[in-house]
Amino acid sequence: MALNIYFCGSIRGGRQDVAVYQKIVQKLQKYGTVLTEHVSHAALSEKGEDAVLEGDKAIHDRDVDWLKQADVIVAEVTQPSLGVGYELGRAVAMDKRVLCLFRPSSGRVLSAMIRGAADGSRFQVRDYAEEEAETTVEDYFTATGLSS
């Protein structure tokens, strides 16, 4: 069964981790359709999708629709982002499966609202090193039975 996967990563909050996003999205495509593949595109700047004629409301509504369609949400949460935090809150309210990926080597401390939400089941936070991005994703999909 091919999954619908919603990938979250910082856009307007900073694009420093785009190379990591690309690795993660490439791995996620093994498991299904990544509805938000554009988040990993290097051409997408911190200004985001400002070129979209319909504006911020259209982006919000489209992304919420994608969240509703998603079987699983995977978020790279090392680079703080208001948008990613919002998406995660909405995903929890929709009772979606959520995997948050965080790199402690960044020197940052993950928000208590994210780490504290982890229940070991529907909402998981996994610390990883950059070179472990793909295997961390693979381990999650195998452990949760989402890889078939």
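Predicted model: local features only at pLDDT ≥ 70, side-chain atom pairs only at ≥ 80, totals over all residues.
1. The model contains an open sheet of 5 strands, in the order E2-E1-E3-E4-E5, and the pairing is parallel. Strand E2 (32-34) and strand E5 (123-127) are at the edges, where each has a single partner strand, so one side of each has no neighbour in the sheet. On average, neighbouring strands of this sheet are turned by 20° against each other, with direction ignored. As background, strands of a sheet pair through backbone hydrogen bonds, and the pairing can be parallel or antiparallel.

2. Pairing of strand E3. Strand E3 (residues 72-76) runs parallel to strand E4 (residues 97-102), and 5 bridges join the two. The partners can be followed along the strand: Val72 has Arg97 in E4 as its bridge partner, Val74 has Leu99, and Glu76 has Leu101. E1 and E3 also run parallel, joined by 4 bridges. Here Ile5 has Val72 in E3 as its bridge partner.

3. How many residues of E3 are buried? The count is 5 of its 5 residues, and the strand is mostly covered. In general, side chains of a regular strand alternate between the two faces of the sheet. In E3, Val72, Val74 and Glu76 point one way, while Ile73 and Ala75 point the other way, and all are buried. E4 has 5 of its 6 residues buried, so the rest of the structure largely encloses this strand.

4. Glu76. This residue lies in strand E3. Is Glu76 buried or exposed? Its relative accessibility is 0%, and the cut-off for buried is under 20%, so Glu76 counts as buried. Leaving aside neighbours within four places in sequence, Glu76 is in contact with Phe7, Cys8, Gly9, Asp17, Val20, Tyr21, Ile24, Leu101, Arg103 and Tyr128. One of these, Leu101, is also its bridge partner in E4. Glu76 and Arg126 are 50 residues apart in sequence, and their C-alpha atoms are 9.9 Å apart in space.

5. Asp17. Among the contacts of Glu76 is Asp17, a residue in the loop between E1 and H1. Asp17 has 7% relative accessibility and counts as buried. Not counting residues up to four places away in sequence, Asp17 touches Glu76, Thr78, Gln79 and Arg103.

6. Helix H1. The buried residues of this helix are Val18, Val20, Tyr21, Ile24, Val25, Lys27 and Leu28. What do they pack against? The buried residues of H1 pack against strand E1 (3-8), E2, E3, E4 and H5.

7. H1 against H5. Helix H1 (residues 18-28) and helix H5 (residues 133-143) have axes that come within 9 Å and cross at roughly 35°. The crossing is right-handed. On the H1 side the residues that meet H5 are Lys23, Ile24, Lys27 and Leu28, and on the H5 side they are Ala133, Glu134, Val137, Glu138 and Phe141. This contact is made of 5 nonpolar, no polar and 4 charged residues.

8. The cysteines. How many disulfides are counted? The count is 0, with a disulfide taken as two cysteine sulfur atoms within 2.5 Å. Cys8 is in no disulfide, and the nearest cysteine sulfur, that of Cys100, is 7.8 Å away. Cys100 is likewise in no disulfide, its nearest cysteine sulfur being that of Cys8. Cys8 counts as buried at 1% relative accessibility, and Cys100 counts as buried at 0%.

9. A backbone angle to check. Asp95 is found in the loop between helix H3 (82-93) and E4. The phi angle of Asp95 is near 60°, which is a positive value in a residue other than glycine.

Notes:
Residues numbered from 1 in each chain as written. Heavy atoms only, no water. Axes fitted to C-alpha atoms, helices over the stretch in contact; angles between N-to-C directions. Left-handed = near helix turned anticlockwise from the far one by under 90°. Contact = heavy atoms within 4.5 Å. Nonpolar A, V, L, I, M, F, W, Y, C, P; charged D, E, K, R; others polar. Pairing = 2+ DSSP bridges. Buried < 20%, exposed > 50% of the residue type's maximum accessible area, 1.4 Å probe, protein only.
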